[in-house]
Amino acid sequence: MAADQRETVYLVPHTHWDREWYEPFQRFRLRLVDLLDDVLTRAEGDPSFCFTMDGQLAAVDDHLEVRPEDTTRVAALVERGQLAVGPWEILLDEFLCSGETIVRNLERGLARAAMFGTPMRTGYLPDMFGHCAQMPQLLSLAGIDQACLWRGVPSTVDSHAFRWEAPDGTPVRCEYLPNGYGNAAYLLSDEQRLPARADEFVARTRRWYGDDPILAMFGTDHSAPLPTLMALVRSLNDSDSPLRLEVCTLADYLALFGADTAGLPAVRGELRSHARANILPGVISVRIHLKQAMARAERMVERYAEPWAALWSPAAEWPAQFLDMAWHRLVASSCHDSVTGCGVDDTAVQVAARIAEAEQLGQAVRDRVVARLASGVPSDAVLVLNPTPTNRTGLVTVTVPGADVASMVDPGGRHRPVQRLSEREPTLYDAEFTGTDLREAILRRSFGQELFNRRIQWVRVEDTTVTFQVGRLGDPAFDIDAVADDLHARAAGTGRTWRLRILEEPLSTVLVEASVAALGWTSLRPSLESAPPVDRLVRVDESTVDNGLVRVTVAADGTLRITGEDGTVLDGVGRIVDGGDAGDTYNYAPPARDHVVDEPLSVEIAVTDRGPLLGALMVGRTYRWPAGLTADRAGRAEATEEVELAMRVEVRLGEPFVRLTVDFLNPSVDHRTRLHVPTARPATASYAEGQFAVVERGLSSEGGHGEVPIPTFPAGSFVDAGGAAILLDHVTEYEVVADGREIALTALRSVGQLSRSVHGYREEPAGPELPTPLAQCIGPVRMRLAVLAHGWPWQVDHVLRAAEHFRHDLHAVAGLGPAGASLSERRGLEIAGGAELTSLRRRDDWLELRLVALNPEATWAKVFGVTAARRADLLGRPGDPLPVDGGRLELALRAWEILTIQVQQ
């Protein structure tokens with residue numbers, strides 16, 4: 001058959017490289033090095049061979065760390081178009097990291113790929129467990145106009161391409177991968193039947209492509225291309241088959257179509273349908289400690305370390321390398337088999353350590369910046385910093401010198417109210433020694449000018465009693481050796497018993513209400529003078545806390561009745577429901593004979609804080625939960641374990657929400673524990689924040705592929721439904737249940753196997769059947785959230801602002817400057833209007849801000865305190881100048897727009 005009459009199928013050799021999963025990273029890397037050794041050698045020997053490196057630079061860099069000499073080889077193949085790399089640093093999970101982590105992932109991947117040549121400018125997302133709503137806008141802002149993916153596509157898509165739109169309407173052309181990223185993985189596995197198998201492949205996939213050329217993805221998880229690949233391709237092409245194979249990269253195939261979306265079916269927003277493929281929603285709640293750690297680390301780097309370093313450190317001291325290391329660890333941990341927790345225990349342990357390092361790097365940068373500022377604050381005062389780009393009043397806990405603190409004075413001379421929390425027992429040490437042993441007793445307990453890890457302030461000798469006072473700041477001239485020698489001369493040989501006392505300086509730990517300028521700082525000094533009366537103080541009795549904005553009462557069963565300022569009532573908040581889970585790390589599945597425990601055996605209520613700034617009750621509930629499942633996993637075990645569950649119920653001055661902290665020791669395996677919050681009225685939809693959007697979701701999910709489409713969803717900083725807004729400190733799984741009358745939040749999902757081939761809620765396995773005992777999460781479990789009862793939509797009732805204040809505490813440290821010096825305060829960068837600040841960092845002499853219009857309507861923003869401004873793209877490349885008037889920059893934003901600008905102060 002003539003070549004021009006034959007149908008061309010585009011064959012893309014590739015691998016999907018799970019960096020860490022059912023084996024830890026380093027074990028997989030050994031296989032990766034072997035694979036790329038083969039790919040590089042084969043590509044150099046055959047110019048017609050091409051390979052697509054999974055869209056992630058991590059796999060390339062993991063190889064080059066072992067084979068640095070291959071750097072030039074990789075670059076040469078990229079330049080020749082034989083090796084496609086980028087655009088990501090890692091193939092992430094789009095729902096279990098922040099939107100900013102997604103941006104840095106893309107930014108870092110494109111920059112690294114450009115070091116080898118031209119990056120693959122395709123949003124390749126082959127194996128993510130669903131896709132976030134703003135991904136099309138993020139790709140477009142980075143100069144990428146095509147995406148390629150598999151999971152989450154709804155049944156309305158009936159072709160291999162569709163128009164995928166972000167909430168603001170930004171589109172990309174999206175190449176859908178019917179049957180996954182390995183749809184042609186075994187096309188060439190039978191040399192004798194190669195023409196027939198090619199015909200069968202085309203017949204099976206033709207319905208998706210119509211008259212368009214067919215894409216054949218030749219590769220799968222951790223797969224290397226067949227040694228005979230090119231020979232088999234030539235064999236088929238030299239035959240009289242009506243088909244021919246064109247070996248190419250994914251970028252080559254997509255170039256056939258460009259970015260045109262005319263005539264394509266359109267899908268707007270997130271992709272979480274079960275219709276075409278499993279989306280494995282149980283990864284949102286398994287190994288919950290990883291999700292909590294990831295959120296803590298992201299907040300530390302995004303909202304404290306990086307912005308404060310940008311604002312308050314000299315440009316020459318910008319800690320670029322430390323922040324780069326932190327972001328590298330965050331991005332690596334966001335991998336779709338990492339933070340998800342669906343790997344083996346060894347993998348989870350490594351991910352936890354990596355996330356911890358990211359947080360520690362962020363803490364180090366934050367603390368250095370704060371120490372610089374604290375050096376200008378008197379040592380008898382405290383420094384308080386605000387991570388929010390608006391003026392803010394809130395509570396901070398400080399420990400200050402003095403035993404009778406009645407208020408704290410700010411730089412304007414105003415007395416701020418305090419609530420005493422504790423006074424420390426001053427005696428740290430009290431013992432007796434012979435006069436001969438006294439010297440050694442002192443020196444063995446000292447380290448330079450320190451005793452008991454505190455600085456020595458003074459020493460007094462009264463008869464045979466030696467008293468040291470120690471504290472945070474000491475006498476820099478104190479000579480401990482001279483004092484010990486003098487005491488030895490006085491005590492040795494007296495035959496008397498000497499008493500050694502070490503006292504801590506008088507200290508008070510208090511809560512103080514601090515007012516701090518936007519992204520700025522202030523200083524406060526303890527005072528013996530009381531503050532003026534405050535409106536709406538927190539009032540507490542044996543079962544109720546009320547601050548005038550919200551009232552919470554504990555019922556006999558330990559649940560809460562919360563009444564908001566507008567009269568909205570949520571009755572039954574905090575009900576705990578525990579049921580069995582016969583599933584795996586990927587999917588929840590109740591046992592056929594489930595036994596649900598939702599009533600406590602006993603309830604105790606105690607007042608822990610009585611105001612006036614903070615009131616708190618401790619609600620203790622006792623349960624007996626089944627110890628596990630029956631041997632056949634069809635029911636819950638008869639044996640039970642006692643569980644003592646403590647719920648701290650906290651109301652603060654000026655806050656319209658109730659803070660809850662739930663703690664328990666998990667003794668059971670194979671179960672799911674959820675906390676329920678009733679709605680004020682039946683909800684028909686939920687609204688959940690995450691990844692630069694607030695997504696509206698119905699009460700059901702689309703099914704069709706063989707995975708039970710349970711409507712459990714991820715939420716980032718909040719989920720809102722039916723007048724109940726729940727503020728969250730990490731990505732949390734939720735489900736609106738009871739016909740819209742309750743929101744169930746997963747506190748714990750305890751499972752013991754990576755994947756199960758026989759699964760009640762999934763027809764096909766999601767991975768190998770390997771044990772994951774650490775995923776049972778035996779031991780301490782903590783859940784932090786807050787509940788806001790409100791009557792109007794989330795955007796009207798300022799749910800975003802409440803979530804901002806809940807998630808990002810004011811930060812306080814002791815001053816380090818000369819005692820008695822004047823107090824001071826500074827404003828940082830203030831942003832007013834309807835846009836949220838999601839990033840602030842330094843770009844040379846400019847500050848770069850990312851603003852997001854988290855609003856279904858067009859909005860505006862004003863940035864105060866700037867002298868010059870310009871637009872930038874998502875990757876930080878500067879654009880057109882923006883007008884600044886009197887230090888104020890005014891911006892108009894589309895609904896859901898992501899805008900990057902650069903400013904100078």
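1. A salt bridge is a side-chain nitrogen of Lys or Arg within 4 Å of a carboxyl oxygen of Asp or Glu. By that rule, a search of the whole structure finds 69 salt bridges. The model is predicted, so to speak of local features requires pLDDT of at least 70, and side-chain atom pairs count only at pLDDT 80 or more, while totals for chains, interfaces and linings use all residues. Residues are numbered from 1 along each chain as its sequence is written, and side-chain values use heavy atoms, with hydrogens and water left out.

2. One of the salt bridges joins the side chains of Arg29 and Glu65, at 2.8 Å from N to O. Arg29 lies in helix H1 (residues 25–45) and Glu65 in helix H2 (residues 57–66), so this pair ties together parts that are 36 residues apart in sequence. Helices (H or I, at least four residues) and strands (E, at least two) are DSSP runs, numbered from the N terminus. Buried means under 20% relative accessible area, exposed over 50%, and partly exposed in between, with a 1.4 Å probe and protein chains only. Arg29 has 9% relative accessibility and therefore counts as buried, whereas Glu65, at 59%, counts as exposed.

3. Two further salt bridges can be checked in the model. Glu830 forms one with Arg827, the closest N and O atoms being 3.0 Å apart; Arg827 is partly exposed, with a relative accessible area of 42%. Salt bridges also link Glu100, Arg104, Glu306 and Arg850 in a network.

4. Which strands form the open sheet with parallel pairing? There are three, in the order E8-E1-E9. Strands E8 (214–218) and E9 (243–247) are the edge strands, each pairing on one side only. The twist averages 30 degrees from one strand to the next; axes here are lines fitted to C-alpha atoms, for helices over the stretch in contact, and angles run from 0 to 180 degrees between N-to-C directions. Two strands pair if DSSP finds at least two bridges between them, and five bridges join strand E1 (residues 7–13) to E9.

5. Within E9, Arg244 is the bridge partner of Thr8. The side chain of Arg244 also forms a salt bridge with Glu246, with the closest N and O atoms 3.1 Å apart. Arg244 is partly exposed at 24% relative accessibility, and Glu246 is partly exposed at 30%.

6. A search of the whole structure finds 20 aromatic pairs. Rings of Phe, Tyr and Trp (its six-membered ring) pair if their centres lie within 6.5 Å; planes under 30 degrees apart count as stacked, over 60 as edge-to-face and the rest as tilted. Tyr22 and Phe28 have ring centres 5.1 Å apart and planes at 80 degrees, so they are edge-to-face. Phe28 is buried at 0% relative accessibility, while Tyr22 is partly exposed at 24%.

7. Phe49 and Phe51 form a stacked pair, 6.3 Å centre to centre with 20 degrees between the planes. Phe49 is buried at 0% relative accessibility, and Phe51 is buried at 1%. Arg42 lies over the face of Phe49, 5.5 Å from the ring centre. A charge sits over a ring if NZ of Lys or CZ of Arg is within 6 Å of the ring centre and within 35 degrees of the ring normal.

8. Helix H4 (residues 99–114) has 16 residues. Of these, 13 are buried, so H4 is largely enclosed by the rest of the structure.

Notes:
The expected span of a helix is 1.5 Å times one less than its number of residues.
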